[in-house]
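Have a look at it first, then we'll get into the questions.

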Amino acid sequence: DCGLKTIVMMYVTMMPVIIAGVANMYFCKSDLLAWAAVPIDGGYSLRGKRFLGDNKTWKGFWGMIACTVLAQAVWGLILGLIPNFLSLSYLASYGNDIFFNFFMGFLLGTAYALCELPNSFIKRRLSIPPGKSGKGYLKWVFLVVDQIDSLIGCTLILAIFAPMSLLQFLGYLILGGLTHLAVNGLLHHLKVRESRF
């Protein structure tokens, strides 16, 4: 089935980002490199409201990039070990050498980390506390935005290397957003994440 194959290819291609997101959550909760767990905004405010808040730290920012580089490299090795597995990746035409995987991991991780920041900036302007989605209609708006902000960046990067239609792009965001919700729910159940969403 063409639809099922597309979904499988989406997951195979973006699996390193999913793995990196979970790994970075554990990394941020650990005591490793605790000195880097300082706010990106340095505690500065704009009109009495923080730029980004305490939840956006340099540890999380660089941790996401490092985790994605590592996950992309390891995933590339796995793709190469299993017959015909590589063909299920949208990036298969670029080969599967370690340097390309490091490069792609860096781009995806950077896009993921950067694209979370505007959302945090806007939420601080609206006086929504870090880790929260707001109240009323804003709760539902940011429930969606929180799941797809980083995915928009990753999908744009992927679209540069593997051109896709608008429908495919939206499919990535919907599937990725639902996956993000599911992973967040699991991490909340495991007490790694405070909020379910």
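Q: Is Thr179 buried or exposed?
A: Bear in mind that this is a predicted model. Thr179 has a relative accessible area of 14%. The cut-off for buried is under 20%, so Thr179 counts as buried.

Q: Which side chain makes a polar contact with the side chain of Thr179?
A: Thr179 is found in helix H5, which covers residues 166-189. Setting aside neighbours within four places in sequence, Thr179 is in contact with Tyr11 and Ile18. The polar contact is at 2.6 Å, and the partner is the side chain of Tyr11.

Q: Is Tyr112 buried or exposed?
A: Tyr112 sits in helix H3. Its relative accessibility is 11%. With the limit for buried set at under 20%, Tyr112 therefore counts as buried.

Q: What distance separates the C-alpha atoms of Tyr112 and Gly136?
A: Along the chain, Tyr112 and Gly136 are 24 residues apart.

Q: What is the relative accessible area of Thr155?
A: Thr155 lies in helix H4, residues 137-161. Apart from neighbours within four places in sequence, Thr155 is in contact with Met14, Met164, Phe169, Tyr172 and Leu173. Thr155 is buried, and its relative accessible area is 0%.

Q: What is the volume of the largest cavity?
A: Rolling a probe the size of a water molecule over the atoms shows where empty space is left. Here the count comes to one cavity of 30 Å³ or more. The largest cavity has a volume of about 80 Å³.

Q: Which helix gives the most to the lining of the largest cavity?
A: The lining has 13 residues, with Gln72, Leu79, Ser89, Leu91 and Asn101 nearest the cavity's centre. The elements giving two or more residues to it are helix H1 (2-29), helix H2 (58-81) and helix H3 (98-125). With three residues, the top contributor is H2.

Q: How many charged residues are in the lining of the largest cavity?
A: Sort the lining by residue type and you get seven nonpolar and six polar residues. As for charged residues, the lining has none: the count is no charged.

Terms used:
Residues are numbered from 1 along each chain as its sequence is written. This is a predicted model: local features need pLDDT of at least 70, side-chain atom pairs count only at pLDDT 80 or more; totals for chains, interfaces and linings use all residues. Side-chain values use heavy atoms; hydrogens and water are left out. Helices (H or I, at least four residues) and strands (E, at least two) are DSSP runs, numbered from the N terminus. Buried means under 20% relative accessible area, exposed over 50%, partly exposed in between (1.4 Å probe, protein chains only). Contact means heavy atoms within 4.5 Å. On a 1 Å grid over the protein atoms alone, a cavity is a set of points where a 1.4 Å probe fits but cannot get out, and a pocket is an open set with protein on both sides within 12 Å along at least five of seven lines; lining residues have an atom within 4 Å of a point. Grid points are joined across faces, edges and corners, and a volume is the space filled by probe spheres set on the points. Ala, Val, Leu, Ile, Met, Phe, Trp, Tyr, Cys and Pro count as nonpolar, Asp, Glu, Lys and Arg as charged, and the others, Gly among them, as polar. A polar contact is a pair of N or O atoms within 3.5 Å; within protein, one must be able to donate a hydrogen and the other to accept it, and residues adjacent in sequence count only if both atoms are side-chain atoms.
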